[in-house]
Amino acid sequence: MILGDFSRTLTSNLGAVLRSSGDSRSRIRGLAVDETDSGWTDGWVETGEVAITNRESLAPEFLEGVSESGSPALVWRREGGTSVEVVEKAEKLGLGLLVLSPKVPLRELLAVLSDSEGLLAHSHWVARTLLEDIEGDSSSGALTQRIAGLFGHPLVVEDPVGRLVARGPGEGSERLADFLTENGLRASKGSGFDETRRERRDRYARLPDGFLSVPVERWRAEGRELYWTPIGHGAPAGYLWMDLEGGSLGPEDVVLLYWSRKILEAELGKDRVRLETELGVRGDFVDDLVSGHYGSLDLMLQRAGYLGADLSSGALAVIVDIDDFARYLSRRKLQETAIQELKRRLADAVRLQARELFSNFLTGPRSDNVILFIGPSKGERAEELQEKVRRLASQVQRYVGGLLPDLTISIGIGRYAADPGSIPTAYSEAEVALEIGHRIYGPSAVSTFEDIGSYKLLFRVLQDDPAELGAFYSETLEPVVAYDSRYSTELTHTLITYLRNDASTVKTAAELFAHRHTIRYRLDRVKELTSLDVDKSEDRERITLGIKAMQLL
């Protein structure tokens, strides 16, 4: 039991008068009865025990002794009032002080701690306190702060995506959040966490009579022991992390966690509805923007402003796409709800990482990818945007890799469009960069429209007339690829390496660990198969385009 519940029970049921409240969150371990009339006897009251005395007067030295022993409160059994000096002294010491008639039997005081009435009163008080807090304009953050205040230990709330969305007040909760981040601890990741770095034990925290229980999991990492409990039933709405700081969960804590899980579930549910509504609005706007069906330019800028982005100075488009999503779904056999949750996690991850680098951006989900339009902040140059976007791509891939380990994403980046009316074109460029990057480099590619060079010209040919590009490939590189396939040679690889090394036989030989005469022989064999001479600039250009056609096809 905590002091607040103890005081309420005494005042409500036994007629006590509360003169000094003390720390209402202090834990009460028991009662200690003062058996002398004067002086002080060491050891008669210990930490966590409420002192009970029948003395005629309370000397300052006696009050100091009770406080220094670690007692949270003193019950003074006497009739009549209490002097102002005694009350002020108790308040100064942070000591609870209750005045109770000596006619009340001592066994009734003991019964306050020994039966379930105290826990029942505590349960009612916790529920009322937390529900009153969320009646107004509340948030999961404000509610977590209130819970942490009642709990008396550091708390952090993790949402289903693995984000730390709320924490209790003070440095303890901040240190807990930092520790979770530094060690990659996320309850939502489950078995994805490296088993060698933590020890896992499942258990339930229960009341002594077993009437109430709360699922609690204990994790040990880096020599530190932490606890978490899922918020809600079924698919968790989140997770509540606790640092008991070497202590243990008492009956009052179980009651508090029981109500905290229920009320946090409702609050996180409201946050999720708000987020899904916002994602829907953003997705609709992105659809209109990339298709050019946004009406007037002024209306488009106005809608972007409502969503928190200023696109009046143009924007740079980025597409974050799930690699081979259809194959991934076929392999995992996910239900529709799980598919939508996965997409929401990706959208959350992109938005979270973008927020660390940019202040003026807009995100929106579209099919199996997430679109970003990033506008320059005040005084920011287009060159800076390009550099920061490359950093963003790397951060998003790392973050998604940790959040969804068996999923990879590719990213396409368009050029900066200074004219807001050209933003749909910027999106088309990002789309081309994404497609070409995936064809050339495979999964986890990061490609920019500026860097794909002549690939984009060949890609347009592929889109308009794939047979023409196929015919060009047949006339150039296909005989070499067919020869390699038939005889298990490395002519194609040697040719690509040679061209990448600016037609240097020496560099190619060193890279392939082969003699330069071997490299020369292979190049001559390419000439025999294609009638194209790599030493002639025009033929070399045709071979280079043939290689790119092969990669696109």
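Predicted model: local features only at pLDDT ≥ 70, side-chain atom pairs only at ≥ 80, totals over all residues.
Trainee: How many residues does the largest nonpolar core have?

Mentor: A nonpolar core is a set of buried Ala, Val, Leu, Ile, Met, Phe, Trp, Tyr and Cys residues joined through side-chain atoms within 4.5 Å, where buried means under 20% relative accessible area, exposed over 50%, and partly exposed in between, using a 1.4 Å probe and protein chains only. Val 318, Val 320, Leu 346, Phe 358, Leu 372, Ile 374 and Leu 392 have the most contacts inside the largest such core, whose size is 30 residues.

Trainee: From which element does the largest share of this core come?

Mentor: Helices (H or I, at least four residues) and strands (E, at least two) are DSSP runs, numbered from the N terminus. At least two residues of the core are supplied by each of strand S12 (316-322), helix H10 (325-332), helix H11 (336-357), strand S14 (369-374), helix H12 (382-403) and strand S15 (409-413). The largest share is eight residues, and the element that gives them is H11.

Trainee: How many residues are in the second, separate core?

Mentor: Phe 151, Met 242, Leu 249 and Val 254 are included in this second core. The core is separate, and its size is 27 residues.

Trainee: What is the volume of the largest cavity?

Mentor: On a 1 Å grid over the protein atoms alone, a cavity is a set of points where a 1.4 Å probe fits but cannot get out, a pocket is an open set with protein on both sides within 12 Å along at least five of seven lines, and lining residues have an atom within 4 Å of a point. Grid points are joined across faces, edges and corners, and a volume is the space filled by probe spheres set on the points. By this rule there is one cavity of 30 Å³ or more, and the largest cavity has a volume of about 30 Å³.

Trainee: Which element gives the largest share of the lining of the largest cavity?

Mentor: The lining consists of Val 318, Val 320, Leu 372, Leu 392, Ala 393, Val 396 and Ile 411, which divide into seven nonpolar, no polar and no charged residues. For this division, Ala, Val, Leu, Ile, Met, Phe, Trp, Tyr, Cys and Pro count as nonpolar, Asp, Glu, Lys and Arg as charged, and the others, Gly among them, as polar. S12 and H12 each supply at least two of the lining residues, and the largest share, three residues, comes from H12.

Trainee: Which element gives the most to the lining of the largest pocket?

Mentor: The largest pocket holds about 960 Å³ of space and is lined by 38 residues, of which Asp 159, Gly 162, Arg 163, Leu 164 and Tyr 399 lie nearest its centre. Two or more lining residues come from each of strand S7 (164-167), helix H7 (171-182), helix H8 (251-291), H11 and H12. By class the lining has 13 nonpolar, nine polar and 16 charged residues, and the element that gives the most, with eight residues, is H8.

Trainee: Does Arg 77 count as buried or exposed?

Mentor: Arg 77 lies in strand S4 (residues 73-77), and its side chain reaches the backbone oxygen of Val 104 at 2.4 Å. Not counting residues up to four places away in sequence, Arg 77 touches Ile 52, Thr 53, Asn 54, Leu 100, Ser 101, Pro 102, Val 104, Pro 105 and Leu 106. Because its relative accessibility is 12%, Arg 77 counts as buried.

Trainee: What is the phi of Glu 222?

Mentor: Glu 222 lies in the loop between strand S9 (213-221) and strand S10 (224-231). Glu 222 counts as exposed because its relative accessibility is 56%. Although Glu 222 is not a glycine, its phi is positive, at about 50°.

Notes: Residues numbered from 1 in each chain as written. Heavy atoms only, no water. Polar contact = N/O pair within 3.5 Å; in protein donor to acceptor, adjacent residues only side chain to side chain. Contact = heavy atoms within 4.5 Å.
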